[in-house]
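Here is a short report on charged side chains.

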Amino acid sequence: MKRNVRVTLLGAALAIALTACAPTTSNTGGDDSGTSADAALYGGTIETAAASDPETFDPAVCTGATCWNIMRMVFDRMYDYKGETSELKLQAAEDFPEVSDDGLTYTMKLKEGLTFSNGDPVTAKDVAYSYARVLDPATQAGLAEFWKGIAGAEEYAANPTGLPSGIEVVDDLTLKITLTSPNSSFKYVLAMPAGSIIPEGSGDTIGTEPVGSGPFTLTDFTPGVEVNLDRNADYWDSPRPYVDGVHMTLGVDPDNQVLMLQKGDIDLMGSPIPPAKFLQVTTDAKLADQIVEIEKPSIYYLAMNMTTAPFDNPKVREAISYAFDRDALLKLVNGQGKPATEFIPPGVLGYSGDDMTHGKDVEKAKKLLAEAGYPNGLETQMFAWNVAPFSALAPQMQQDLKAIGITVDLQTLAPNTFAELAGSGKAPLALTFWVADYPEGSDFLQALMSCATAVPQGHNYAYYCNEKMDASVQEALAATDPDVATEKYTEASELMLSENPVVPLYFGTKTEIHGPTVGGYFPQPIWGWDMAEYWKTDGEKSRS
Amino acid sequence: MFWWILRRLGQMAIVLFGVVSLAFLLVYAVPADPATTLAGPNASAATIASIHKQLGLDEPLWQQYLGFIGRLLTGDLGTSYVLRETPVFGRIAAALPTTLLVAVGGIIWQILLGVPAGIYAAYRRGSWVDRVITFISLIGLSAPPFWLGLLLIYYFAFTWGLFPLNGLGDPVIWFLVLPTFTLGAGGGAWYARMTRTNMIETLDSPFVRMARAKGMPEHVILWRHSFRHIAIPLITMIGLDFGYFLGGVVIVETVFGLNGIGRLAFDAISNLDTPMIVGTVLFAAIFIVVVNFIVDLLYSVIDPRVRLNS
């Protein structure tokens, strides 16, 4: 049924909206966010639309597309991402953390005079509470794993009272966090939604009545209908936010969002541009000034399950690494990406710039298969998501594998069914992707390819495990010098790819469209909208 | 009559229990994990296991099922897995008015479009008008609603700006024209064909020949005498449709961004949100069963030959 395709796109939108990316952009209309304040105008409301309701207003829990955007408006974190880059800037924090020489202790100071929307001051106690809460199993935080490097996290999860031993409130404005092992990516964890600062003790109500210190406050939410947010007039980063409020219409089909934007009913779309409308929108000369494209720190790849025959045979895996023409595959996805040269995408610490992948070479692949003991080819199964872009890629890959003698039974599955089956190791071949949670190589090599993740539901669909690679990643995480870290990540990537557990296909990009009256718009690789920075071009010169 | 009603109520309870149990078991049988949707695509295995525990998804099936039925009997439909703080019952109740408006509007279009066309086609049977009506109704039947909906949105709302693009607003009827027409168009075609067939049969019956023979005017034969004969199958169809539409009109509500039960069901199914799926299925089943019951009662009002005996 055709409707199903459109439906699952909605689901994909969710995944894609958790998008991330790299600092370089080919921006046709954007300004440098740092200097744009001179041109900024005041007042007005930014109209937006979202395909689904915000799943929750609890920042520790939110992983969906709609709530994700709202989290950035309602809450502040210690650090946030600067403009369209994947660099951190100070938000609630007075300065960047002071890290001890052994890399284990982070001392952070809050800005003075910050207040929550209920008028209470923001103190180190609130920050400590917000972080500890993520580790409490009752919170059901989807990304709790990132916080488990805090000392005492496990004991706290078993008995969530007080604070974990690794979180210490030094004084009203100072917080000290101790880790169990050095982790250079920890600062990015503090900038994730779950790092949002909420008032101490507000955990039970935060999901419905969010109180934050961010640039906007939630004024009302009608499920299935709309969300209204008002400017926080007392926001510390004056004169931001520029607009008086944000209105979000809920339950708008992505196709309809495009029409509403073209008609001027909305300024920003909550969903990605649907594939069926992509070329029409991106080639429309009238819209050229309103379209921005940005690399998102993501990798689309094919994983081969090394625990099952024939992919336990290194020659078979090597053969498959020669099967695909990356440029041809990219054409099928409207050119939304560039050919992968390694596993860690550009814009992410650990990207080497070297080419570690193999181009298409049918003869070589056949020869390798013959050497592996399959002169007459073989038969296997490939699992893929049934949504774009996978629905476009998988049939072509099936043909490419046929060309080297591998007959593939293609199984296209709904995203959550895919996660269940491929995650439990039932997929010989799995076509999948990953978008960075933060711009460091560990989020790729550790989250997807480490021994620890070679378990059911561990995302390591190849079940690859090489302790030597894990050790290199650990060294990279402990390195304070980014060059040393890059070197270690490169070592790990080379080692991993030499064993061909995965075939990296392409690094993704995302294309966004904004309304003609949105000023200062820029896409963010890691986060969603930076609403405090945008303004309406039909606004006032000064705040009335 | 009293015993008939009591027996029907008993049957309804059994049907609803069966439907809800089936819905619960079907969702359980899907090889997918609600916790993955909940925790997001980048959650670790340990986190997913912890969420399983929190939601009781790690318990054996029978235990989950008994717990679910127990809560249901106390009127508790639970809380959505995905829309965290949202009680299923309240969310469905909030979506009900929209669905009601769309359902009533859709039925009105079906009747307005279908019944006159069917009667006229039957009356002018074999003429070119009959053929044109039959042909158009064939198109109406074959047009998928999401395609028709997108087409209407593109031309009537986007290009010509005659109607709003999305959602509901003021005046509500303005916002309802396109979605209800989309819903009613296919059904209208169906009504036209059904009305035509029944009408042809009636017009061939001896009492019509008798009426004609004694010189009764055609419009009296058609509307006062024959129409009553096709009322029973018509009411059956309207009843079924109404029950069905009230359960949520998935495609129309999704395409037009209407906050109804259909869209709730749609989102719940794509997210494997078990409590919400079971809740929407239960509501849909209740509507169908209740409307059927009312239709059965109506039969005896319309056709005095029908008696409700126990």
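Is D53(A) buried or exposed? D53(A) is buried, at 6% relative accessibility. Buried means under 20% relative accessible area, exposed over 50%, and partly exposed in between (1.4 Å probe, protein chains only).

## Basis

This is a predicted model: local features need pLDDT of at least 70, side-chain atom pairs count only at pLDDT 80 or more, and totals for chains, interfaces and linings use all residues. Residues are numbered from 1 along each chain as its sequence is written, chains are lettered from A and ligands numbered from 1 in the order in which they are written, and side-chain values use heavy atoms, leaving out hydrogens and water.

## A pair between chains

D53(A) forms a salt bridge with R91(B), with the closest N and O atoms 3.4 Å apart. A salt bridge is a side-chain nitrogen of Lys or Arg within 4 Å of a carboxyl oxygen of Asp or Glu. The pair crosses between chains, from a loop of chain A to helix 5 (residues 88-123) of chain B. R91(B) is buried too, with a relative accessible area of 4%.

Over all chains, the count comes to 27 salt bridges.

## Pairs within chain A

R240(A) and E533(A) form a salt bridge, their closest N and O atoms being 2.9 Å apart. Each residue lies in a loop between two strands, so the pair ties together parts 293 residues apart in sequence. R240(A) is buried at 14% relative accessible area, and E533(A) is buried at 7%.

K277(A) and D255(A) also meet in a salt bridge (3.9 Å, N to O). Both residues are buried.

Note on methods:
Helix = DSSP H or I, 4+ residues; strand = E, 2+ residues; numbered from the N terminus.
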